Number of protein chains: 2
Amino acid sequence: MPNGSGPDADVRMRGFARRTTVADALRWLDGQASRLGDERVPVGEAAGRVLAGEVRSEVDVPGFARSMMDGFAVRARDTSGASPYNRLRLDVIGRSMPGRPFEATLAPGQAVQIMTGAPLPDGADAVLPAEWVEIGPGHVATQGEVSPGKHVGRVGEDVAAGAVVLVGGRVLRPQDVGVLASIGQGEVPVVCRPRVRIAVTGDELLPAGSKPRGCRIVDSNGPMLVALVARDGGVPVHPGIVRDEPEAILQAMRSEADVVLVSGGSSVGQEDHAPSLVRRHGELPIHGLAMRPSSPTGMGRLDGRLVFLLPGNPVSCLCAYDFFAGRAIRALGGRSTDWPYRRIRAQTARKIVSAVGRLDYLRVRLVEGRVDPVAIGGASVLSSTTRADGFVLVPPDSEGYPPGAEVDVFLYDPHVG
Amino acid sequence: MPNGSGPDADVRMRGFARRTTVADALRWLDGQASRLGDERVPVGEAAGRVLAGEVRSEVDVPGFARSMMDGFAVRARDTSGASPYNRLRLDVIGRSMPGRPFEATLAPGQAVQIMTGAPLPDGADAVLPAEWVEIGPGHVATQGEVSPGKHVGRVGEDVAAGAVVLVGGRVLRPQDVGVLASIGQGEVPVVCRPRVRIAVTGDELLPAGSKPRGCRIVDSNGPMLVALVARDGGVPVHPGIVRDEPEAILQAMRSEADVVLVSGGSSVGQEDHAPSLVRRHGELPIHGLAMRPSSPTGMGRLDGRLVFLLPGNPVSCLCAYDFFAGRAIRALGGRSTDWPYRRIRAQTARKIVSAVGRLDYLRVRLVEGRVDPVAIGGASVLSSTTRADGFVLVPPDSEGYPPGAEVDVFLYDPHVG
């Protein structure tokens with residue numbers, strides 16, 4: 001033989017004996033992926049993180065009565081009866097600025113010039129808007145009356161001491177971070193982000209950033225998985241291509257991580273090392289799925305880590321990530337298991353054919369608002385997922401859809417379409 | 001006078017003489033915010049960035065014919081007539097693995113064991129699936145026939161050399177990054193991210209992370225704006241609270257940045273330094289808006305930078321950011337000017353009242369699918385935006401909505417509701 005070796009007698013070159021349904025795989029997975037523990041992060045870094053538990057305020061916000069207007073702090077009763085025809089004069093005895101309060105107490109007939117946000121002086125109970133007064137030297141004359149509390153922000157108006165400000169499980173919005181800062185939270189308890197080791201195998205692969213040459217291709221799954229993991233709130237760790245040898249793969253799978261994604265070598269061929277490694281050193285209850293693409297996907301555990309064996313074909317890798325790994329990563333991080341894809345309803349432009357007994361993931365375009373399957377290629381054609389606007393699922397009990405059927409479309413870009 | 005000073009004769013404590021409509025302000029703004037230049041980033045960091053221009057592939061992907069199955073590379077004609085009742089024998093002369101091709105040429109009657117993704121040997125034109133063959137020592141017997149090209153991924157099947165892979169303006173998806181890696185792009189041309197200097201003013205403010213004390217409150221706008229800018233693809237720069245003095249504010253506004261956000265002191269009070277500074281050293285064509293909250297908002301330019309004067313009241317700050325600053329930041333970064341909020345239609349649970357002549361931004365909750373205004377407080381109550389699910393706009397020509405009216409709701413969390 002001029003090259004390589006002949007087929008070994010013990011080589012298993014067969015398909016999967018049995019394929020797990022997607023529903024069963026999800027059921028197993030949802031029992032495995034429970035929320036990680038908590039950590040504390042500085043409030044300025046908390047946006048987009050998942051709040052670990054209820055936050056109560058220890059303080060009133062504001063902690064003092066404050067003016068809501070630029071104007072004059074007064075005793076409301078001193079303005080009683082004031083009108084354009086009955087201007088009432090008040091002596092201006094000082095000024096209250098934000099952070100620089102007026103320190104004395106207002107006596108009857110007195111006013112204090114006050115800025116928006118400045119503390120209301122003792123004795124004052126209302127603010128006269130600047131527009132209502134005529135300003136003279138050392139006094140003002142008001143043309144209107146105010147009732148007690150007018151234009152005054154009361155203590156605890158925004159947040160009362162003891163109140164629950166935010167409940168756990170929430171993805172923190174920009175304004176949530178503002179509120180947490182305002183109540184004096186220096187650090188915020190958030191759910192830990194799952195650490196996700198990406199182990200891309202394949203001796204034919206060159207690292208992203210290389211030029212493809214000869215029969216070597218460039219790793220596309222690695223950078224794609226890094227971006228997917230980051231999108232789902234995980235911390236991706238992708239130190240480079242893993243040699244296609246059992247020892248190297250096992251070592252990568254034993255990295256410090258909550259989740260391991262092995263890309264490539266996930267099937268039952270002789271060079272598919274990862275499944276037997278997981279089976280030997282951990283457990284692999286799920287291997288082989290009734291879906292297309294991504295049927296050669298496996299899921300198991302190794303020393304406490306969740307391990308996903310993702311097919312090397314890039315469309316299969318994306319699909320298997322989205323169905324299983326992404327869901328687990330979001331769940332570990334305390335996020336919704338729902339897809340981060342927007343779902344819309346649209347009509348099929350053409351017939352969609354699918355085999356009964358498996359779930360189909362079809363890349364589609366929206367053409368004039370109608371669903372058109374992307375015609376090109378199989379699971380190896382990653383560009384089909386860049387040309388597609390999203391995907392349609394055909395459930396295992398369906399043979400597909402006729403033209404004009406209403407279907408759910410999941411959009412890759414949540415803000416588009 | 002026991003404290004502070006009396007009102008000065010030249011103090012302008014009045015409202016805005018004239019308010020610009022939101023539509024006019026947006027018209028001005030859209031003429032100012034044109035896309036920044038390009039930069040190149042490593043392909044692994046390109047996800048979520050905006051592609052600056054069309055990318056064409058210089059190579060075919062794959063660059064060689066490859067097997068789509070684990071099986072045996074054959075000459076299709078050698079399998080002609082094979083069936084379970086007519087098994088045809090082929091000599092296995094070697095093996096082709098991904099990255100480790102079989103180097104010789106297949107002669108008639110020969111086969112090469114081949115793995116998924118491995119290069120098809122010269123002379124072969126199809127792949128026999130492993131399930132169809134019986135493996136013997138040095139040979140296989142096939143029970144089926146294959147046609148030329150069967151189970152072979154052809155050269156350029158994924159991406160053809162010279163083809164446009166992605167067009168400019170696209171926010172790069174995880175799979176786009178995979179495709180860009182696969183064609184050998186080491187760096188990707190993307191639109192620069194706008195640098196956004198956040199200048200929070202107010203002598204009453206303590207930096208985020210502090211505890212509020214006495215008449216000093218904690219900066220909530222700073223961390224909120226940092227998160228908003230990051231959300232919109234900008235690079236926030238927030239080195240700390242800016243002293244409420246003209247010199248310090250001017251210096252902050254002259255920072256190295258594409259956009260400056262001044263928070264606080266944006267109105268026409270005597271301590272509102274920023275507007276006159278922008279007017280004196282640059283231009284401030286827009287100051288005072290027909291909207292609530294956020295009427296004391298200004299927009300202008302200073303030495304080429306876009307400057308936004310945002311009100312200090314946190315709800316006003318959020319609203320003014322979202323209406324104007326965020327839009328400009330997204331436009332500078334090559335992104336859609338549309339809000340990153342999902343819009344849904346829902347019915348009002350109660351009457352919504354608004355004054356004619358101004359645009360109203362109302363925080364609302366969705367209660368059993370119906371729109372319920374958040375009843376608490378004004379523009380100073382930031383917690384109203386954490387209790388709200390989103391907001392409703394009432395246009396300037398409307399007095400509001402009756403109960404049961406269908407309105408657009410913009411959801412703060414795009415994936416919720």
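## A hairpin in chain A

Strand β8 (residues 133–136) of chain A runs antiparallel to β9(A), and four bridges join the two. Strands here are DSSP runs of E with at least two residues, helices are runs of H or I with at least four, and both are numbered from the N terminus. Two strands count as paired if DSSP finds at least two bridges between them. One such bridge links E134(A) with its partner A141(A) in β9(A). β8(A) and β9(A) make a hairpin with two residues between them, and G138(A) in the turn has a positive phi of about 75°.

This is a predicted model: local features need pLDDT of at least 70 and side-chain atom pairs count only at pLDDT 80 or more, while totals for chains, interfaces and linings use all residues. As for bookkeeping, residues are numbered from 1 along each chain as its sequence is written, chains are lettered from A and ligands numbered from 1 in the order in which they are written, and side-chain values use heavy atoms, with hydrogens and water left out.

## The six-stranded sheet of chain A

Chain A has an open sheet of six strands with mixed pairing, in the order β16-β13-β17-β21-β20-β18. β16 (235–237) and β18 (283–287) of chain A sit at the edges with a single partner strand each, so one side of each has no neighbour in the sheet. From one strand to the next, the twist averages 20°. Angles run from 0 to 180 degrees between N-to-C directions, with axes as lines fitted to C-alpha atoms, for helices over the stretch in contact.

Inside this sheet, β20 (residues 298–302) and β21 (residues 305–310) of chain A are antiparallel and share five bridges. M299(A) has F308(A) as its bridge partner in β21(A). Helix α1 (residues 22–30) of chain A packs on the sheet, touching β18, β20 and β21 of chain A, and its direction makes about 20° with that of β20(A). Contact here means heavy atoms within 4.5 Å. Helix α6 (residues 314–332) of chain A lies across β13 (195–200), β17 (259–263), β20 and β21 of chain A, at about 170° to β21(A).

## The sheet of chain B

Chain B has an open sheet of six strands too, ordered β16-β13-β17-β21-β20-β18 with mixed pairing. Its edges are β16 (235–237) and β18 (283–287) of chain B; each has a single partner strand, so one side of each is left without a neighbour in the sheet. The twist averages 20° from one strand to the next.

β17 (residues 259–263) and β21 (residues 305–310) of chain B pair in the parallel sense over five bridges, and S263(B) has L310(B) as its bridge partner in β21(B). Helix α3 (residues 221–231) of chain B packs on the sheet and touches β13 (195–200), β16, β17 and β21 of chain B, at about 165° to β13(B). Helix α5 (residues 273–281) of chain B lies across β17, β18, β20 (298–302) and β21 of chain B, and runs at about 135° to β18(B).

## How the copies relate

A rotation of 180° with 0.0 Å of shift along its axis puts chain A on chain B, with an RMSD of 0.1 Å. The two copies are thus related as by a two-fold rotation axis.

Over in chain A, H151(A) has a phi near 60°, a positive value in a residue other than glycine. H151(A) lies in the loop between β9 (139–142) and β10 (152–153) of chain A.

Terms used:
Least-squares fit on C-alpha atoms with pLDDT ≥ 70 in both.
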